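Hi,

Here is the structure I said I would pass on. Have a look, and my notes follow below.

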Amino acid sequence: MKHIGIIGAGLSGLATAKAFLRQGYRVTVIEKAKAIGGVWELSRSYLGVATQTTRDEYAFSDFPMPSSYPQWPTGAQVQRYLEDYAAYFNVTPHIRFQTTVTHLEYQDGLWQMDVYDAVNDETATLLFDYVAVCTGTFHKPHLPAFKGMDTFTGRILHSSQVNDPAILEHQSVAVVGFAKSATDIATLAADLGRECHLLYRKAQWKVPRFFGNLVNMRYLLFSRFSEAFFNAPYKTPFQKFLHSAGRPMVWAQWRGLELLLKKQFKLKACGMVPQHRIEDQISCSLGVAPEGFYEKVKSGQIRAQQTEIDRIDGPAVHLVNGNVIHPDVIVCGTGFSQSLPFLEAKYRDVLLGPGGGYRLFRNILHPQVPQLAFIGFNSSLFTTLTSEIAANWFVRYVEGTLQLPAAAEIQRDITYMQDWRYSGRPIAAEFSGTCVAPFNFMHLDQLMRDMGLPVTATRWMPYEFFKPINPKDYRILLQRATKKVPVPPKPVQRTADIIR
């Protein structure tokens with residue numbers, strides 16, 4: 001029986017473990033934290049964090065979120081959902097918590113994984129036939145090195161460390177950044193703190209949960225039709241038409257959306273009209289506007305300045321625009337970085353291209369790196385689904401049943417996609433090139449065809465073309481070709497239905 005090693009017990013690691021266990025493989029999951037959840041684990045989740053997409057989209061295909069959850073579940077609810085998922089599919093007993101991978105090396109047809117067990121204060125070497133790296137795109141918090149930061153008399157934190165209201169209460173807070181975590185925390189600090197500053201390089205487009213306060217965002221952003229308006233690396237016939245003869249239609253669609261957002265959020269009054277096109281920004285970093293954020297900026301409750309920190313001198317924070325502020329706390333909503341410190345150098349050099357971007361076929365593997373895959377490195381706005389499909393893809397890769405192109409074509413695809421990310425669509429290079437959004441359907445269709453499976457649940461294409469993404473469709477499609485282990489998952493009572 002082949003032994004599968006999985007690094008990380010976030011949503012991607014859990015989906016991968018479940019997929020291999022279901023096919024009867026031996027599985028060991030290595031998790032450095034005390035609990036499952038990855039970025040949703042309590043110690044890594046900031047106050048007020050919630051999903052970007054609704055509970056129906058941000059779910060696995062065969063394990064819907066409880067109907068008792070709100071449309072946009074909180075971070076705590078997502079973690080409980082993942083705990084329930086792991087228990088239901090009997091993944092939890094296969095996880096080694098508080099264990100860190102220190103080195104990963106390929107020898108004699110096996111991966112040798114050195115690990116450190118913090119609970120027992122001991123090291124060990126584990127052997128695996130295949131390894132799935134599921135450390136995700138939120139691997140290592142990025143904290144800028146401000147000049148003079150060691151002299152600061154207050155606290156400098158990454159957004160992931162803001163997990164206690166006391167950090168913000170009655171404090172003067174300066175938040176750095178304009179991404180989701182930055183604006184979420186600024187909105188919260190404006191209510192909890194004594195004052196709130198927001199420092200940002202440039203305004204970014206944000207979208208509402210309901211466009212025009214009426215239409216759920218899923219209908220405008222998560223369908224095959226909406227995806228067709230982006231200039232994809234591989235185009236369908238309809239996309240080829242849109243981006244040639246149909247360009248005026250594409251232009252009008254995006255300018256109309258920008259006009260709607262400017263009006264709905266009163267961006268001009270806030271001084272936050274982005275200077276770039278919205279279609280050039282939409283990707284995994286697309287932010288859903290926190291409720292009340294723009295209203296607080298407009299009223300001055302959030303003191304927003306388009307500037308950067310020049311230097312810190314004791315309690316004083318000097319800004320590039322010449323202003324000086326005196327915050328008690330600086331919160332950096334400056335994102336995360338991806339790294340593979342444990343992987344032997346010769347394979348790390350193959351995987352990482354110029355600029356640090358990952359060179360992966362289908363965002364999953366490289367043909368020159370044997371028996372190693374990356375699940376969750378195809379992040380999207382519903383990574384639960386894209387990770388789940390990638391996990392099933394990797395199972396079939398191990399079984400040798402994928403319908404893949406020739407090796408030379410795979411290499412050409414890797415090179416083409418890397419060039420496209422950096423020249424054709426620069427925003428696609430973010431997260432080290434591990435984001436597939438907004439081309440979610442294109443990516444899912446590629447994976448499904450590689451597995452020899454249909455790409456839609458019905459043959460009524462008008463319906464499939466306009467409806468929002470539905471993870472339940474993929475449960476039907478995957479069941480058509482998945483053998484199940486004889487013993488079914490153990491039923492559990494969902495904590496989500498108990499804890500409110």
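First, a term: buried means under 20% relative accessible area, exposed means over 50%, and partly exposed is in between (1.4 Å probe, protein chains only). This is a predicted model, so local features need pLDDT of at least 70 and side-chain atom pairs count only at pLDDT 80 or more, while totals for chains, interfaces and linings use all residues. Residues are numbered from 1 along each chain as its sequence is written, and side-chain values use heavy atoms, with hydrogens and water left out.

Now the salt bridges (a side-chain nitrogen of Lys or Arg within 4 Å of a carboxyl oxygen of Asp or Glu). The count comes to 20. In one of them, D184 pairs with K180, with the closest N and O atoms 2.9 Å apart. The two are separated by about one helical turn because they sit four residues apart in helix α3 (residues 180–192); helices here are DSSP runs of H or I, at least four residues, and strands are runs of E, at least two, numbered from the N terminus. K180 counts as buried at 17% relative accessibility, and D184 does too, at 13%.

D450 and R362 also form a salt bridge, at 2.7 Å between the closest N and O atoms. That pair links distant parts of the chain, 88 residues apart: D450 is in helix α14 (residues 440–450), and R362 is in the loop between α10 (345–351) and β22 (372–374). Both D450 and R362 are buried.

There is a network too: salt bridges link R255, E258, R277, E279 and D280.

Cheers
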